[in-house]
Amino acid sequence: MDQSKEQRILNTVSYNAIKGNPESVLDCIDKYCSKSEWAMNVGDEKGLILDKIVEETNPSVVLELGTYCGYSAIRIARLLKPKARLLTIEFNPEFASIAKEIIEIAGVNDKVTILEGHSEDIIPQLKKKYEVEKLDFVFLDHWKERYAPDTILLEECGLLRKGSVLLADNIIYPGAPEFIKYIRNNKHFECTTFLSHLEYMKVEDAMEKAVYLGPE
Ligand SMILES: Cn1ncc2cc([C@H](O)c3cccc(CNC(=O)c4cc(-c5ccc(F)cc5)cc(O)c4O)c3)ccc21
Ligand SMILES: [Mg+2]
């Protein structure tokens, strides 16, 4: 059976990237996906916005929803301080296994744990099973209709604290209208929109940053 696009991305990283060098893995994926096959990585343009917000937040515990090939997990993990860690949830076993290999090639596997399953099943386990107290940073990049329900679930599970930062990809394209409706009129969140473009395309897209203000 012929290979998947994600397998081809792993091949090009394995062949061309410098082992242990996260920047070279990111560049390799961006080159391949802009020249050969488009793929839904956050990409280099929105990636720079992600970098800045991660650096400003300097998080100790990060949750990512939607690992895919591990591009944004590597992007975030490479900026984390020594003891900090990133948990990333992926339900698709092929994506999870490819992401694991790409994350190892990047050399950030000591900071990253891939949790296999659906976000709605794993989020309620984070405190007891994965010893998470509070989340400092959450990157939402999974199914767009799950952004709002999973944000509510994070609150309900007591995983957000005053100042927790949520960053959501694709709020223009493909769009996450229910999430935007929920988060922007919500007095518990302070929102900012970062205009950019869809990865590797001239199409407009944006990311939404939402800072949790606390339960009161
Ligand atoms: C519940 N749960 N828990 C964990 C978990 C993990 C996943 C997977 O990682 C997964 C699989 C398929 C799709 C996504 C969402 N991503 C997108 O749909 C997307 C699309 C485009 C785009 C843009 C233009 C196009 F023409 C086509 C697609 C650009 C983007 O940046 C995207 O993020 C995520 C799914 C549900 C999950
Ligand atoms: Mg995305």
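## Valine 108 and its loop

Valine 108 sits in the loop that runs between helix H5 (93–106) and strand S3 (112–116). Helices (H or I, at least four residues) and strands (E, at least two) are DSSP runs, numbered from the N terminus. The relative accessible area of valine 108 is 5%, so the residue is buried. Buried means under 20% relative accessible area, exposed over 50%, and partly exposed in between, with a 1.4 Å probe and protein chains only. Valine 108 and alanine 77 are 31 residues apart along the chain, and their C-alpha atoms are separated by 6.4 Å.

## Basis of the model

This is a predicted model, in which local features need pLDDT of at least 70 and side-chain atom pairs count only at pLDDT 80 or more, while totals for chains, interfaces and linings use all residues. Residues are numbered from 1 along each chain as its sequence is written, chains are lettered from A and ligands numbered from 1 in the order in which they are written, and side-chain values use heavy atoms, with hydrogens and water left out.

## The site of ligand 1

The space taken by ligand 1 is the largest pocket. A pocket is defined on a 1 Å grid over the protein atoms alone, as an open set of points with protein on both sides within 12 Å along at least five of seven lines; a cavity is a set of points where a 1.4 Å probe fits but cannot get out, and lining residues have an atom within 4 Å of a point. A molecule sits in a cavity or pocket if more than half of its atoms lie within 2 Å of its grid points. Strand S2 (85–90), helix H6 (119–122) and helix H9 (171–175) are the elements that give two or more residues to the shell around ligand 1.

There are 22 residues around ligand 1, and Glu90, Asp141, Lys144, Asn170 and Glu199 come nearest. A residue is near a molecule if one of its heavy atoms lies within 4 Å of it. By class, the shell holds ten nonpolar, six polar and six charged residues. Here Ala, Val, Leu, Ile, Met, Phe, Trp, Tyr, Cys and Pro count as nonpolar, Asp, Glu, Lys and Arg as charged, and the others, Gly among them, as polar.

## Polar contacts to the ligand

A polar contact is a pair of N or O atoms within 3.5 Å; within protein, one must be able to donate a hydrogen and the other to accept it, and residues adjacent in sequence count only if both atoms are side-chain atoms. An N or O atom in the side chain of glutamate 90 is 2.6 Å from an oxygen atom of ligand 1. For asparagine 170, a polar side-chain atom lies 2.8 Å from a ligand 1 oxygen, and for aspartate 169 the corresponding distance to an oxygen atom of ligand 1 is 3.3 Å. Ligand 1 exposes 750 Å² when taken alone, and the protein buries 82% of that. These areas come from the Shrake-Rupley method with a 1.4 Å probe; for residues, only the protein chains shown count as cover.

## Asparagine 170 and helix H9

Asparagine 170 is placed in the loop between strand S5 (160–168) and H9. Its phi is positive, about 65°, although asparagine 170 is not a glycine. With 4% relative accessibility, asparagine 170 counts as buried.

Helix H9 contains isoleucine 172 and proline 174. Isoleucine 172 counts as partly exposed because its relative accessibility is 37%. The C-alpha atoms of isoleucine 172 and glycine 66 are separated by 18 Å, the two residues being 106 apart along the chain. The peptide bond from tyrosine 173 to proline 174 is cis, with omega near 5°.

Aspartate 205 belongs to strand S7 (residues 204–212). This aspartate is buried, with a relative accessible area of 0%.

## Other loop and helix residues

Asparagine 186 is in the loop between helix H10 (177–184) and strand S6 (189–197), and at 11% relative accessible area asparagine 186 is buried. The side chain of asparagine 186 makes a polar contact of 3.4 Å with the side chain of tyrosine 182 and reaches the backbone nitrogen of histidine 188 at 2.8 Å.

Serine 72, in helix H4 (residues 71–77), is buried at 4% relative accessibility. A polar contact of 2.5 Å joins its side chain to that of glutamate 64. Glutamate 131 lies in the loop between helix H7 (126–130) and strand S4 (135–140). Glutamate 131 is exposed, with a relative accessible area of 66%, and has a positive phi of about 50° without being a glycine.
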